[in-house]
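Subject: Structure for you to look at

Dear colleague,

Here is the structure I said I would pass on. My notes on how its parts meet follow below.

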Amino acid sequence: MLRVFAGLLLAATLAPLGVAADGDRPNILYIMSDDHGYQALSCYGSEIIDTPHMDRIAKEGMRFDRAFVTNSICGPSRAVMLTGKHSHINGFTRNGKRFDGSQPHLGKYMRQAGYQTAVIGKWHLGTDPTGFDYYHVLRGQGPYYNPNMLTSNGPVQHTGYTTDIITDVTLNWLKEQRNEDEPFMLIYQHKAPHRNWMPGPDHLNDFDDVTIPEPDTLFDDYSGRTSPARNQTMTIAEHLSPHDLKLVPQRRLNEEQTKVWNEAYEEKNRKFREANLTGKDLVRWKYQRYVKDYLRCVQSVDDNVGRVLDYLDESGLAENTIVVYTSDQGWYLGEHGWYDKRWMYEESFRTPLMVRWPGKIQPGSTSDQMVMNLDFAPTLLDAAGLEVPEDMQGKSFVPVLDGSQEGSFRDAVYYHYYEFPGPHSVAKHYGVRTDRYKLIHFYDVGTWELFDLEKDPKELTSVYDAPQYAEVQADLKEKLKELREQYQVID
Ligand code: CA
């Protein structure tokens with residue numbers, strides 16, 4: 001008996017690097033970028049960018065075509081991901097709040113179950129991380145260059161491009177700091193491609209010689225929707241600043257970085273000033289400048305995701321590591337004339353989601369099941385073989401991942417945005433989306449919108465109160481009421 005036990009111990013000690021020593025509990029690498037719209041990933045069919053490394057996760061795993069967030073804004077999305085609870089329950093309804101780190105969440109549950117937990121990169125929850133053995137995070141939003149970061153061992157001043165630095169720290173943790181005898185959950189989160197879209201030194205001149213196709217709603221006049229769509233302040237035409245457009249010197253760059261930066265932008269800016277553009281031509285120029293800088297930032301994230309995936313392969317970790325790639329929400333790349341997020345309209349309501357899990361997920365598969373960031377914590381706990389706490393409001397979509405799900409995973413999703421008054425003046429709203437329809441209530445303004453997504457996928461014309469939709473409208477209102485009860489929303 002004793003000999004058998006000793007033999008098991010030896011086997012555990014000699015377990016190959018990629019396999020958790022305490023059985024086959026999978027490691028988890030959760031990658032989340034900030035404001036990365038699915039329109040800017042080639043695995044989602046984008047024709048304006050090539051993202052080979054992110055695409056690898058989809059090719060070797062599953063791509064979700066209907067992954068949604070509960071509240072399309074940075075901090076709240078992160079709090080939902082950690083807690084598995086809607087914003088009104090976890091308390092973080094809008095940016096500027098401070099996350100109550102004393103509440104239970106994914107990091108704490110995984111740690112209690114024997115996982116090593118680490119969070120590296122963007123955190124943006126106002127309070128220091130709890131529930132992580134190691135953290136190395138940006139302060140607040142964090143700059144694109146030369147970040148000062150908070151760590152479990154005090155502050156650290158870095159020099160260089162933030163996307164590269166976050167990856168350097170991540171690789172260092174994987175190689176040098178983790179305990180190889182325990183499974184890990186590593187949360188690796190980029191600041192990019194958040195505003196103000198400052199490209200890294202390797203990509204400053206990407207896309208210089210191409211014209212990015214414009215979305216056909218770039219000059220949307222909002223005539224088919226209620227007043228909130230007109231009254232926002234996030235248009236490419238009017239609300240991008242000279243700083244966003246790189247027409248003025250950028251802050252925080254050191255002397256050497258400034259030199260490289262100026263070499264990239266001075267000539268482009270000179271040509272722009274000489275052209276003296278006005279009207280729609282000026283909007284078109286702003287669109288090109290904005291989207292190209294955004295895509296340049298995504299390109300660096302893709303390079304860096306590739307570095308981490310390569311290390312998982314080289315180390316043998318890949319075979320027992322679940323890799324998730326997502327964003328804290330989607331984004332407007334000129335659709336409706338906008339940049340930014342916040343709305344329940346598809347571009348910002350949806351978020352990219354690809355998951356790789358060798359041996360469990362059929363490589364190259366796709367799913368149109370409606371999953372949410374609310375489900376991420378329950379899913380990861382379930383994947384690790386742990387019970388999902390009853391008070392989490394999301395549910396595990398492991399059955400979707402492993403192909404055992406029969407029928408639809410859920411028939412409707414609930415959304416609620418709170419940040420008004422606030423940046424970009426998007427009115428508060430909540431709503432419900434089903435397979436085909438979407439009902440939105442701008443409750444402070446007192447208007448409703450209803451979209452038939454099959455007939456009007458770009459959501460240009462609300463059919464609220466149209467007689468032919470009377471029954472659909474009544475059913476959606478009932479569904480909305482049901483969901484608000486289920487999620488314990490208090491009016
Ligand atoms: Ca964000």
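A polar contact here is a pair of N or O atoms within 3.5 Å; within protein, one of the two must be able to donate a hydrogen and the other to accept it. Please keep in mind that this is a predicted model.

By that rule, 14 residue pairs are in polar contact across the interface of domain 1 and domain 2, with both residues of each pair at pLDDT 80 or more. On the side of domain 1 that touches domain 2, α4 (87-90) and α10 (346-349) each supply at least two residues. The most comes from α10, which gives three residues to that side. Sorted by class, the side of domain 1 facing this contact has eight nonpolar, six polar and seven charged residues.

As for charges, the rule finds four salt bridges across the interface of domain 1 and domain 2. Separately, Arg66 and Asp435 form a salt bridge, with 2.6 Å between the closest N and O atoms.

The domains themselves are laid out as follows. Domain 1 covers 25-198 + 290-409, and domain 2 covers 417-486. The contact between them takes 21 residues from domain 1 and 25 residues from domain 2. Their C-alpha centres lie 28 Å apart.

The size of an interface is often given as the accessible area lost when the parts come together. For domain 1 and domain 2 the buried area is about 1,900 Å², and 55% of it is on carbon and sulfur atoms.

Regards

Definitions and conventions. Residues are numbered from 1 along each chain as its sequence is written. This is a predicted model: local features need pLDDT of at least 70, side-chain atom pairs count only at pLDDT 80 or more; totals for chains, interfaces and linings use all residues. Side-chain values use heavy atoms; hydrogens and water are left out. Domain bounds come from an automatic or database domain assignment. Contact means heavy atoms within 4.5 Å. Buried area is the accessible area (1.4 Å probe) that two parts lose on being put together, summed over both. A salt bridge is a side-chain nitrogen of Lys or Arg within 4 Å of a carboxyl oxygen of Asp or Glu. A polar contact is a pair of N or O atoms within 3.5 Å; within protein, one must be able to donate a hydrogen and the other to accept it, and residues adjacent in sequence count only if both atoms are side-chain atoms. Helices (H or I, at least four residues) and strands (E, at least two) are DSSP runs, numbered from the N terminus. Ala, Val, Leu, Ile, Met, Phe, Trp, Tyr, Cys and Pro count as nonpolar, Asp, Glu, Lys and Arg as charged, and the others, Gly among them, as polar.
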